[in-house]
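Please look over the sequence and the structure before reading on.

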Amino acid sequence: MGKYFGTDGFRGEANVTLTVEHAYKVGRFLGWYFGQQHKAQVVIGKDTRRSSYMFEYSLVAGLTASGADAYLLHVTTTPSVSYVVRTEGFDCGIMISASHNPFYDNGIKIINGSGYKLEASVERQIEDYIDGVIDGIPLSTRENIGRTVDFSAGRNRYIGYLISLPTRSFKTMRVGLDCSNGSASAIAKSVFDALGAKTYVIHNEPDGTNINKDCGSTHIEALQAFVKEKGLDVGFAYDGDADRCLAVDERGRVVDGDLILYICGTYMKERGQLKDDMIVTTVMSNIGLCKACDRVGLKYQKTKVGDKYVFENMMENGYRLGGEQSGHIIFSKHATTGDGILTSLKIMEVLLEKKTTLGTLASEVQIYPQLLRNLRVTDKQAVLTHPAVQASIAEVERMLGNEGRILVRESGTEPLLRVMVEATTQDLCEQYVEKVIDAMKGVM
């Protein structure tokens, strides 16, 4: 974790902790860094937040002042930027988004020329430039000043790519989409319409301040009610920049990232599409997923929380499927990042090929009750390593045995300790979480 860049870029409240000056300097550094041997070309996408336009202009000013050409995709998804970067030969890509955060936050995600998240070593150099540790980056002059290019064609090519992936028509399916008043509003419906689905859409009228507000993958209850009201076969909810997807089955029940990994993983395993029959998930995955995988011979590896770590594991080992409970699902044959719309297309493939419902497929996994609580602390390490806290955690582990688990970890972005318990009942989850939280409060 750097001073400004976390696991998912530089994120903060617009013009409070992430300012136009920050964005300008990010653009200045990237334009110079990638332009030392040739004229750099950088592609930029943004979500629907009011501040995204402001940050777009600041980044463009910095890039062009350093001599780079800036290509604008306009409102689009994070995975589309990754796709365009790696298929169109750009030096890097920038996505302006704070993902599932409220509208007043924003973020700068930088994607390298291979479509992966930018290397931490380069992020550290950007931070040094922002703080004045690195200086002397020259301004371009005369014909060397960069230009701005409308590149909406790149987004259209990404839409065409998505449409080309399914091998079956969706014409028999009634599909609901919750676009979170975000990036998916510009893409998702056109993809499903082109594939023949009867598409019903909610929350696809962004106004700059309603992104993620009581909608999308973080407020999926709206889609649950919509699917039941309309009698739909399936529903998909995206987050603000559409790199996440959660699903709703025909009865309005949530199918989260763990269930999606199981459904797509078992399908791919049956068809010999998984290396070593392996999927990659995180330490936050429900114990029910692990037990279901064990039952059908689907192997799994767990990483730290963050799709960045999931993807690194997948790339190191050649694995094809990985993701998080939150709905970041990576199909490495098709994408280098989580892609919500791609995930929904892959779920549709399973439903059509198996000629069954999403509810039937999800019923194979018994999800254990789970409770996560956060505690704000001054010194995370001091509290976490205190003998009384460690003893409390060990006692909960002993009481849970093989019928649950406890996970205590530090937040990567806030002064918080996170305590998560899975057990056979919600009451037990409450009891054990409170036990550890009380121990932490006692040593603060």
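Two axes count as roughly perpendicular when the angle between them is 65 to 115 degrees. In this predicted model, the axes of helix H3 (residues 78-88) and helix H5 (residues 152-164) cross at roughly 100°, so H3 and H5 are roughly perpendicular to each other.

**Helix pair**
- The axes of H3 and H5 come within 9 Å.
- H3 contributes Pro79, Ser80, Tyr83, Val84 and Glu88 to the contact, and H5 contributes Gly154, Arg157, Tyr158 and Tyr161.
- Five of the residues in this contact are nonpolar, two are polar and two are charged.

**Sheet**
- An open sheet with mixed pairing is built from seven strands, in the order E1-E2-E6-E5-E3-E4-E7.
- Strand E2 (residues 9-13) and strand E6 (residues 105-112) run antiparallel and are joined by four bridges.
- Phenylalanine 10 is placed opposite isoleucine 108 of E6.

**Helices on the sheet**
- H3 lies across strand E3 (41-46), strand E4 (69-75), strand E5 (92-96) and E6, and runs at about 170° to E5.
- H5 also packs on the sheet, where H5 touches E4 and E7 and makes about 55° with the direction of E4.

**Cysteines**
- The whole structure contains zero disulfides.
- Cysteine 215 is too far from its closest cysteine sulfur for a bond, because that sulfur, in cysteine 179, is 9.5 Å away.
- Cysteine 429 is likewise in no disulfide, and the nearest cysteine sulfur, in cysteine 290, lies 15 Å away.
- Cysteine 215 is buried, at 0% relative accessible area, and cysteine 429 is buried, also at 0%.

Note on methods:
Residues are numbered from 1 along each chain as its sequence is written. This is a predicted model: local features need pLDDT of at least 70, side-chain atom pairs count only at pLDDT 80 or more; totals for chains, interfaces and linings use all residues. Side-chain values use heavy atoms; hydrogens and water are left out. A disulfide is a pair of cysteine sulfur atoms within 2.5 Å. Buried means under 20% relative accessible area, exposed over 50%, partly exposed in between (1.4 Å probe, protein chains only). Axes are lines fitted to C-alpha atoms, for helices over the stretch in contact, and angles run from 0 to 180 degrees between N-to-C directions. Helices (H or I, at least four residues) and strands (E, at least two) are DSSP runs, numbered from the N terminus. Angles under 35 degrees count as roughly parallel, over 145 as roughly antiparallel, 65 to 115 as roughly perpendicular and the rest as oblique. Contact means heavy atoms within 4.5 Å. Ala, Val, Leu, Ile, Met, Phe, Trp, Tyr, Cys and Pro count as nonpolar, Asp, Glu, Lys and Arg as charged, and the others, Gly among them, as polar. Two strands pair if DSSP finds at least two bridges between them.
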